[in-house]
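I opened the notebook to record how the ligands are held. The entries follow the order in which I looked things up.

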Amino acid sequence: MMQFSGKSVYKGIVLGKTAVLGNQDTPVKHRKIDDVKAEVERVRLAGIKAKEQLQILYDKALKEVGETNAAIFEVHQMMLEDEDFLDSIHNMIQTEMVNAEYAIAMTGDNFSEMFAAMDDDYIKARAADIKDISNRLIRILEGRKETGPYSEEPVIIIADDLSPSETVQMDKEKILAFVTVHGSANSHTAILARMMNIPALIGVPMDLDRIRTGMTAVVDGFAGTVTFEPDEALCEEAKRQMEEEREKLRLLEELKGKENITLGGRKINLYANIGSVSDIGYVLENDAGGIGLFRSEFLYLGREKLPTEEEQFQAYKQAAQMMAGKKVIIRTLDIGADKQADYLNLEKEDNPAMGYRAIRICLKQPDIFKTQLRALLRAAMFGNISIMYPMITATEEVEQIFKIIKGVQDELDTAKVPYRYPEQGIMIETPAAVMISDELAEMVDFFSIGTNDLTQYTLAVDRQNEKLDGFYNPHHKAILRMIKMVVDNAHKHGKWAGICGELGADPELTEEFVRMGLDELSVAPSMILKIRKIIRELE
Ligand code: PEP
Ligand code: MG
């Protein structure tokens, strides 16, 4: 047995045979030329052919994995027209009198190294795309065909790295999993794997020379491991888990595409909570009607500095596009308390949960807030985005937020940057917000009740303190009455109200929530079908 660990980009478990993809790009021949014009013309013609191929790939991807994921082939088409890239190739042909293939290979390497060295994760991930288009041009110039997969049986693809075009050309039915030595979680290959709903591991430090096509392997996306030549016990365990997963899915699968409607005819929206764009695969897989809480602070965590407007814009835009018109409620930065980012230099506090966090940071440091709002307003052009503000305690805070938003709109107007003004809501997660929810309802479009914090603030129980677990009771009458009060106040003003705290997914309370008149429950993706089942069985 040989076992390696990597980063799981999509969960699931499979047992199957491997197909090892070798490096299909043989070294490019270096030739001296004497007709510069003819060589430049070869590059131009190869570019035209490449764009035709990419159009075919785009059309295929559009059908199979949707517009957002297909967009990478449009990006490749644009890259092929990039002046810096083309100038560099032409310049090398002219000054060094070398063949087109060689000039393209060198330029591709240079640009790809340059991208890989950038701080920005998104740009870093584009290094593979530059290599991809260079290789495509070279293949065309050398008259080589694209290599496709692999065998009649579905296989586990093992590779050093995969380019997006390699990934999408693969026949989905023939792939059990991806395992690669390199690749970033941000790459389109990882995104495609998630969309294809197959386990995928990246950053696996395996020695490809020791792995052969046709070996048996277990890819465990839950544990983030791949095991080659597993022993019998592991194979049996993998088979058992695969069966368990299949059974779980099969039972709930029947509820996909069905409405969240009670026997008495009352409908309720069931949305999903996510922490990052990479969770959207689960949202779609579980047939959620939208995203009720995108905890945007995860974009700010585990890094050295604040995410740029562009990084955020890309993430929100991708979420909006992947959800294709369904609601995507993005909560603005809720950092502080248990979610710390060193670069913000937040001082240690005696009572962090009641301290400098969430909207308080945003209102005190409006530059951070404005960057996020700009990204959100711009991304709202690409789908059905709503913005939601956390930790609200007073109407004055909402007024201040709207003032800042107005400033952001003015800036975008002046710079003629396209944007859309989305639906605006707040989280109700402090007792103060509950008590003034009648006034708040006049100001915003919707409420989403954050029962996790509402419970801790109402019961004066620190939600992080293990010793208090027995006292943390979100079923407390006080909480349930507060929820009812919030719903009633929202409805009085023609606004909708939902729950996005963990309590929303508590099957014991589903009936009560429906009775209270909640319009939406936003739960972990894996809970969608379970709650749908309960709703559909209610009188
Ligand atoms: C909540 O407080 O209920 C909530 C949804 O927000 P978080 O858990 O992220 O604080
Ligand atoms: Mg909260």
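Below are my notes on the two ligand sites, beginning with the conventions.

I am working with a predicted model, in which local features need pLDDT of at least 70 and side-chain atom pairs count only at pLDDT 80 or more, while totals for chains, interfaces and linings use all residues. Residues are numbered from 1 along each chain as its sequence is written, chains are lettered from A and ligands numbered from 1 in the order in which they are written, and side-chain values use heavy atoms, with hydrogens and water left out.

Ligand 1: I looked up its surroundings and noted 14 residues, the closest being Arg295, Arg331, Gly450, Asn452 and Arg463, where near means a heavy atom within 4 Å. By class I recorded seven charged, four polar and three nonpolar residues in this shell, with Gly counted as polar. Helix 16 (451-459) and strand 10 (290-295) each supply at least two of the shell residues, and helix 16 gives the most, with three; helices (H or I, at least four residues) and strands (E, at least two) are DSSP runs numbered from the N terminus.

Ligand 2: I then turned to the magnesium ion, which is coordinated by Glu429 (OE) and Asp453 (OD) at 2.0 to 2.2 Å, donors being N, O and S atoms within 2.8 Å of the metal (3.2 Å for Na, K and Ca), and since water is not among the atoms, the site may look incomplete. Because Glu429 lies in the loop between strand 13 (423-428) and helix 14 (431-435) and Asp453 in helix 16, the pair ties together parts that are 24 residues apart in sequence.
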